[in-house]
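Open the model in your viewer and keep the sequence panel at hand. We will go from one selection to the next and look at what is there.

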Amino acid sequence: MSHVDDAKARMSAALHGENLGDFISFASVELLWKVLSPRRWELLRALAGQEAMSLRAISRLVRKDLKTVHGDVHALLNAGILERREEGVVFPYDVVHLDFTVSS
């Protein structure tokens, strides 16, 4: 299926009330890469499939100091990628798909 056909199919599904999942947008590719740095990708991979955790538990999981984890978790919380719950922080998504356009 082409990108245009895929976009049309998704638009049709949305217009018919189908849930297409959650979307997070960034104003620029530069901001995307700033928020989703390699260290933060590592953090997301470690949190995928995990229950909600405290910052200390996340720090132990990824073997990084608490201050670094605190900064990364809060950046991902602010971007809407992680969620804060009563029992801790959680990565609530099954799949991450990046889609962006590069133009001159």
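## Stop one: the end of α4

Start by selecting Arg 63, the residue that follows α4; its phi is positive, near 55°. Keep in mind as you look around that this is a predicted model.

Now step back into the helix itself and select residues 55-62, which make up α4. Which residues of this helix are buried? Colour Ala 57, Ile 58, Ser 59 and Val 62, and you have them. To see what they pack against, show α3, α5 (residues 66-78) and β2 (residues 88-90).

## Stop two: Arg 40 in α3

Next, select residues 38-47, helix α3, and pick out Arg 40 within it. Is Arg 40 buried or exposed? Its relative accessibility is 15%, and because buried means under 20%, Arg 40 counts as buried.

The side chains of Arg 40 and Asp 72 are joined by a polar contact of 2.9 Å. Then widen the view to the other residues around Arg 40: leaving aside residues up to four places away in sequence, it touches Lys 34, Val 35, Gly 71, Ala 75 and Leu 76, as well as Asp 72.

## Stop three: Trp 41

Stay in helix α3 and select Trp 41. What does Trp 41 touch, if residues up to four places away in sequence are not counted? Show Trp 33, Leu 36, Val 96 and Leu 98 to find these partners.

If you like, draw a distance from the C-alpha of Trp 41 to that of Asp 72: it comes to 9.9 Å, for two residues that are 31 apart in sequence.

## Stop four: the whole protein

Finally, zoom out and switch to a cartoon view.

The C-alpha atoms fill a box of roughly 45 × 35 × 20 Å along the principal axes. The radius of gyration is 16 Å, whereas a compact globule of 104 residues would have one near 13 Å. Colour by burial and 26% of the 104 residues will show up as buried. Among contacts between residues at least 6 apart in sequence, 49% link residues at least 24 apart.

Definitions and conventions:
Residues are numbered from 1 along each chain as its sequence is written. This is a predicted model: local features need pLDDT of at least 70, side-chain atom pairs count only at pLDDT 80 or more; totals for chains, interfaces and linings use all residues. Side-chain values use heavy atoms; hydrogens and water are left out. Helices (H or I, at least four residues) and strands (E, at least two) are DSSP runs, numbered from the N terminus. Buried means under 20% relative accessible area, exposed over 50%, partly exposed in between (1.4 Å probe, protein chains only). A polar contact is a pair of N or O atoms within 3.5 Å; within protein, one must be able to donate a hydrogen and the other to accept it, and residues adjacent in sequence count only if both atoms are side-chain atoms. Contact means heavy atoms within 4.5 Å. The radius of gyration is taken over C-alpha atoms; the globule rule is 2.2 Å times the number of residues to the power 0.38.
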